[in-house]
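Here are some notes to read with the structure open beside you. Each numbered point takes up one topic.

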Amino acid sequence: MASALDTLIRLFGSRTLSLRFANCCYCWMANCFVYFGLLLNTVTLSGDQYVNFILSGLLEVPANLLVLWLQDYAGRRWPVAGALVVSGVCCLAVLGVPADQPVLSVALYMLGRFAVTISFNVIYVISAEMFPTNIRSSMLNICSSFGTVGLVLAPQTPLLATVSESLPLTLFGVVSLSSGLLALLFPETTGRPLPETLDEAESLGAAVDRAAQRPGGGATGSRPRARKNTSMYERLS
């Protein structure tokens, strides 16, 4: 079995896995940037800033519970991509709300916060399941480290409001939308065997696509016989 360092070096020699790694890093950065950015900018909304901040925090309870169901019934890729797109659309939609409708503005903002919370939870799982076993934890750590870029930039976004009040939400919307669309390039890992080697990781997306094209969803019309992966939530339960 190849060492972790050898596998890591070979990974960057694969165009498919290199692009997947870069996409994963950007997705982590976008999640952290939008998640913490929306949280910090909650106090700039119309109405009582304390109530708005409390509502923003309470939204995470149903969002975190919904993730448990979504991962089983919608997979990993679609919750990440869909939630980021919804969050981006909500951020941009807030900019078009008239000033005399503060309730609608706050509602759209909170929906964006709710959506990015879902994506932020699922990105942990899909990041780990896309890479080979002997470098799985290393790749998760590297990708999540890029998330700190977004974490560092997020507290600076309120300063952009001094230039233009719409600039922070515009930035959140564009980053979230672009990352959500790029997340569609991730392979679906739900119900698939965890890749043990680089070759298995590289063919992960292709294997899912070929299986989906066969009648019955697989080579024999039945579920894959390989070991089914489990998420971190399932392992803790």
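1. A term is needed before the charged pairs can be discussed. A salt bridge is a side-chain nitrogen of Lys or Arg within 4 Å of a carboxyl oxygen of Asp or Glu. Please also keep in mind that this is a predicted model.

2. With that term in hand, take the pair Glu 129 and Arg 76. They form a salt bridge, and their closest N and O atoms are 3.1 Å apart. Glu 129 belongs to helix 6 and Arg 76 to the loop between helix 4 and helix 5 (77-94), so this pair ties together parts that are 53 residues apart in sequence. Are the two partners buried or exposed? Glu 129 counts as buried because its relative accessibility is 4%, under the limit of 20%. Arg 76 is buried too, at 2%.

3. How many salt bridges does a search of the whole structure find? The search gives 2. Besides the pair in the previous point, the side chains of Glu 60 and Arg 113 meet in a salt bridge, with 2.9 Å from N to O. Glu 60 is in helix 4 (residues 60-73) and Arg 113 is in helix 6 (residues 102-129), so this pair ties together parts that are 53 residues apart in sequence. Glu 60 counts as buried at 19% relative accessibility; the cut-off is 20%. Arg 113 has a relative accessible area of 1% and is therefore buried.

4. Now the chain as a whole. It has 12 helices and 0 strands. Of its 237 residues, 44% are buried. Among contacts between residues at least 6 apart in sequence, 84% join residues at least 24 apart.

5. The UniProt record, an unreviewed entry, lists residues 21-38, 50-71, 78-97, 103-126, 138-155 and 167-186 under "transmembrane region". Two of these spans can be compared with the model. Residues 50-71 are 95% helix and 0% strand, and the end C-alpha atoms of the span lie 33 Å apart. For residues 167-186 the figures are 85% helix and 0% strand, with 29 Å between the end C-alpha atoms.

6. Which residues have the most contacts inside the largest nonpolar core? They are Trp 28, Leu 38, Val 80, Ile 118, Ile 123 and Phe 186, in a core of 52 residues. Several elements give two or more residues to this core: helix 2, helix 4, helix 5, helix 6, helix 7 (136-153), helix 9 and helix 10 (198-202). Leaving aside residues up to four places away in sequence, Ile 118 touches Ala 63, Leu 66, Val 67, Leu 70, Pro 79 and Ala 83.

7. Val 51, Ile 54, Leu 55 and Leu 58 make a nonpolar surface patch of about 360 Å². Ile 54 lies in helix 3 (residues 49-58). Why does Ile 54 count as exposed? Its relative accessible area is 53%, and exposed means over 50%.

8. Ser 18 is part of helix 2 (residues 15-40), and Ser 179 is part of helix 9 (residues 167-183). Ser 18 counts as buried at 19% relative accessibility, while Ser 179 is buried at 0%. With residues up to four places away in sequence left out, Ser 18 touches Leu 11, Phe 12 and Gly 13. On the same terms, Ser 179 touches Tyr 26, Cys 27, Ala 30 and Leu 84.

9. Val 106 is buried, with a relative accessibility of 12%. Apart from residues up to four places away in sequence, Val 106 touches Leu 45, Ser 46 and Asn 52.

How values were computed. Residues numbered from 1 in each chain as written. Predicted model: local features only at pLDDT ≥ 70, side-chain atom pairs only at ≥ 80, totals over all residues. Heavy atoms only, no water. Helix = DSSP H or I, 4+ residues; strand = E, 2+ residues; numbered from the N terminus. Buried < 20%, exposed > 50% of the residue type's maximum accessible area, 1.4 Å probe, protein only. Contact = heavy atoms within 4.5 Å. Patch = residues over 30% accessible without salt bridge, like charges linked within 9 Å, V, L, I, M, F, W, Y side chains within 5 Å. Areas by Shrake-Rupley, 256 points an atom, 1.4 Å probe, with all protein chains shown as cover. UniProt positions renumbered as here; feature names shortened; annotations may be inferred. Core = buried A, V, L, I, M, F, W, Y, C linked by side-chain atoms within 4.5 Å.
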